[in-house]
Structure formats: C-alpha cells, structure tokens
Amino acid sequence: MPRIAFYDTKKYDEEYFEKVEHPGITFKYLENKLNSDTVELARGCDGVCAFVHDVIDEETIDKLVNYDIGIVAMRCAGYNNIDLKKAKDKIKVVRVPGYSPYAVAEHAMGLLLCLNRKIHKAYFRTRDYNFSLNNLAGFDLHGRTVGVMGTGKIGRVFIDICKGFGMDVIAYDPYPIQGSNIKYVSKEELFRTSDIISLHCPLTEETKYIINEDTLAMMKDGVFIINTSRGSLIESEALYEAIKKGKVGAAGLDVYEEESEIFFEDFSNTIISDDVLKLFLSLPNVLITSHQAFLTADALINIAECTINNINAYFNGEKLENEISY
Ligand code: NAD
C-alpha cells in the first residue's frame with residue numbers, strides 16, 4: 001500500500017483528503033514544509049505530496065530519489081518551487097492543473113470590491129458605532145478598464161466576472177486564445193490604459209517583477225493592482241513607494257514575494273521581522289490575504305480528488321495526465 005508523506009499539512013488539508021475515498025493509499029501527515037532538511041521525514045514512504053511553500057530543489061530531489069521515492073504530487077497548480085530541470089528523468093512530478101478557477105477569480109473580485117468600496121474600513125467603523133460615510137467613497141466599476149495579465153483558466157473566469165460588472169476588459173497573454181472575443185493588447189498598452197490591473201499569469205523568469213518601478217511609472221495615476229497569482233510578480237518595495245506617492249490607488253494582495261515563512265501561520269503573538277510587509281499592513285488602501293484565494297470547500301475537494309487520482313495513476317502504471325516535466 002503506497003505511503004505518501006504529506007508535507008505542510010493544515011487542518012483543512014487533512015479534513016478534505018480524508019473526506020475523499022483513497023483505498024490503497026495512506027497519508028503520513030506532516031506539519032513541516034518539504035525542503036532538503038525535512039526530506040528525511042519521507043524516508044520509508046513511496047511518494048510525497050507537496051504545496052506552494054515547499055522547496056523542491058536539486059538536493060531535495062536527490063534525497064527523495066535516494067529513498068526510492070518516485071513521485072512528487074503537488075496539490076496545487078503552480079510549480080515554480082520545483083527544479084523541474086533537475087527532476088527530469090529522476091522523479092515524476094504531477095500537479096492539480098485546475099481545481100476551481102472560480103475560487104481564485106472570485107477572490108480577486110472580492111479584493112477589488114472591498115478596496116474600492118472600503119468595506120474593510122466600514123466593517124470596523126460600524127462595530128465602533130461610527131456610521132459616518134466620510135472618506136468611504138469608491139467609484140463605479142461599470143465602464144472602468146480592467147487589464148488582465150494572463151488569460152488562462154483563472155484569468156478567463158475573472159474576465160467573465162468583470163464583463164458581468166459592465167467593465168471594459170483588455171488583456172495581455174503571450175499565447176492569446178485564438179478566435180476568442182477577448183480584446184488583447186500589448187503589455188505596455190495594458191499598463192498605460194488600465195484603471196485596474198489583475199495578475200493571472202504564472203511566475204516564470206520572464207514574469208518575475210513584471211510590476212516594477214518602470215512599469216508602475218507607465219500606469220495611470222490611482223491604478224488598482226490585484227495580485228492573486230504569485231508574490232514575486234511584483235517588486236514589493238517599488239509597489240510600496242508607488243502607493244506612498246499616490247501613483248497606485250490601492251493594492252489587493254493575496255500573495256507576497258516573501259510569504260513562504262509567514263503565510264498560513266499564526267504570528268498574532270509575535271513581532272514579524274518583515275518590514276515591507278509591516279509597511280503594507282499599515283496602509284489603509286492595501287488589503288492582504290494570506291494566499292487564501294483557492295480556499296473554498298469546492299476547491300479543496302477537487303484538489304484532494306485530483307491529487308489522489310494522480311497518485312493512483314502513478315502506482316497503477318497508468319498514463320500521468322497531469323505530469324509536468326522540464
Ligand atoms: P493557466 O496556466 O491556466 O494560465 C496562465 C496563463 O498565463 C496562460 O494563458 C499563459 O499563457 C499566461 N502567461 C504566461 N506567461 C505570461 C506572461 N509573461 N504574461 C502574461 N500572461 C502569461 O493558470 P491558471 O490556473 O489560470 O493560474 C494562474 C496563476 O494563478 C497560477 O500560475 C498560480 O500562480 C496562481 N494561483 C494562485 C492561487 C491562489 O490561491 N492565490 C491558486 C491557484 C493558482
């Protein structure tokens with residue numbers, strides 16, 4: 001019976017993986033994140049199940065191979081944290097390519113609505129019996145231009161949601177969908193003309209810091225930036241400076257470039273050492289959620305089902321539909 005070391009387990013992971021039937025597989029739930037130090041915990045297992053903050057570099061891969069582990073089952077879509085080049089021909093890597101684009105796209109719209117209509121401020125005001133409307137004015141989304149970077153599964157759902165709001169949607173993707181009715185523009189035009197920019201592209205060498213000092217300078221004054229993709233798409237310090245100057249009107253960040261040691265954990269009784277994050281959290285027009293865009297019951301079930309199917313396919317010698325390789 002294959003035994004899978006399940007890294008970075010949270011209560012909801014175990015709850016949803018145990019809800020889905022998985023005869024023939026046992027999970028060894030571990031709180032640790034997978035890296036070259038903690039890989040030792042997988043010794044004696046046949047596979048590992050990993051998530052977004054695990055570090056699957058050459059050393060980790062070599063140790064896994066050394067323990068006769070043949071599969072890394074990512075329970076997420078992104079795979080920027082695996083050295084696929086080093087994994088090639090040594091270990092199989094599978095992922096969950098899409099589990100609920102709706103969950104992430106709806107969260108992106110949630111961040112936008114909350115920031116624009118200042119719902120996060122109103123929530124605290126009314127709890128304090130302060131029913132004043134001063135400084136709570138937003139703007140109509142209807143008729144505003146939203147620039148969508150990346151028209152994959154999530155970007156396309158976000159586009160449909162924005163169209164439902166009567167927004168003007170423009171998009172950039174190096175691989176535009178042929179024959180679609182999406183209005184593609186160049187990256188520069190998207191930066192120059194959008195009132196709101198929402199990032200839905202993967203983190204690659206090409207997209208790292210796609211939002212930086214230079215691209216921020218091109219943008220409209222007061223632009224809103226929403227990032228539910230990966231933190232390193234944005235150069236955080238440049239964004240902070242742009243917000244401070246009023247160039248950026250608001251930022252909704254579900255991801256942050258230095259999130260891996262912070263997000264998903266409770267630091268409410270600690271002083272965190274990340275000064276940039278602390279500065280962001282001090283700003284009234286920045287809304288940070290800790291990589292929770294995926295977190296719906298529907299998505300968690302889909303993630304568990306797809307991961308279990310991927311693992312079964314590997315151990316049954318079937319074709320790996322969701323394999324990723326260099
Ligand atoms: P996808 O693979 O379906 O789509 C990604 C799109 O980005 C593709 O169309 C691709 O052509 C495009 N792209 C590639 N390079 C680009 C570039 N330089 N500029 C613009 N577009 C580019 O992926 P998806 O399922 O839509 O997911 C998008 C991203 O969302 C993932 O890479 C992941 O990082 C992130 N994500 C976040 C969460 C969360 O909880 N916050 C959950 C799932 C996924």
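Predicted model: local features only at pLDDT ≥ 70, side-chain atom pairs only at ≥ 80, totals over all residues.
Visitor: What about Lys153, how far is its polar side-chain atom from a ligand oxygen?
Guide: That distance is 2.8 Å.

Visitor: And Gly152, backbone or side chain?
Guide: Backbone. A polar backbone atom of Gly152 is 3.4 Å from an oxygen atom of the ligand.

Visitor: How much of the ligand's accessible area does the protein cover?
Guide: 87% of the 860 Å² that the ligand has on its own.

Visitor: How many residues surround the ligand?
Guide: 23. The closest are Lys153, Ile154, Asp173, Thr228 and Asp254. By class, that shell has 10 nonpolar, 8 polar and 5 charged residues.

Visitor: Where does the ligand sit?
Guide: In the largest pocket. The volume of that pocket is about 1,300 Å³.

Visitor: Which elements give two or more residues to its lining?
Guide: Helix 4 (101–117) and helix 6 (153–164). Helix 6 gives the most, with 3 residues.

Visitor: Which lining residues lie nearest the centre of the largest pocket?
Guide: Gly78, His200, Cys201, Pro202 and Leu203, out of 46 lining residues. The lining has 22 nonpolar, 14 polar and 10 charged residues.

Visitor: Switching topic. What volume does the second largest pocket have?
Guide: About 310 Å³. It is lined by 17 residues, with Val52, His53, Asn80, Glu257 and Ser260 closest to its centre.

Visitor: How does that lining divide by class?
Guide: Into 5 nonpolar, 7 polar and 5 charged residues.

Terms used
Residues numbered from 1 in each chain as written. Heavy atoms only, no water. Near = heavy atom within 4 Å. Polar contact = N/O pair within 3.5 Å; in protein donor to acceptor, adjacent residues only side chain to side chain. Areas by Shrake-Rupley, 256 points an atom, 1.4 Å probe, with all protein chains shown as cover. 1 Å grid on protein atoms, 1.4 Å probe; cavity = no way out; pocket = protein on both sides within 12 Å on 5 of 7 lines; lining within 4 Å. Sits in = over half its atoms within 2 Å of the grid points. Nonpolar A, V, L, I, M, F, W, Y, C, P; charged D, E, K, R; others polar. Points joined across faces, edges and corners; volume = space filled by probe spheres on them. Helix = DSSP H or I, 4+ residues; strand = E, 2+ residues; numbered from the N terminus.
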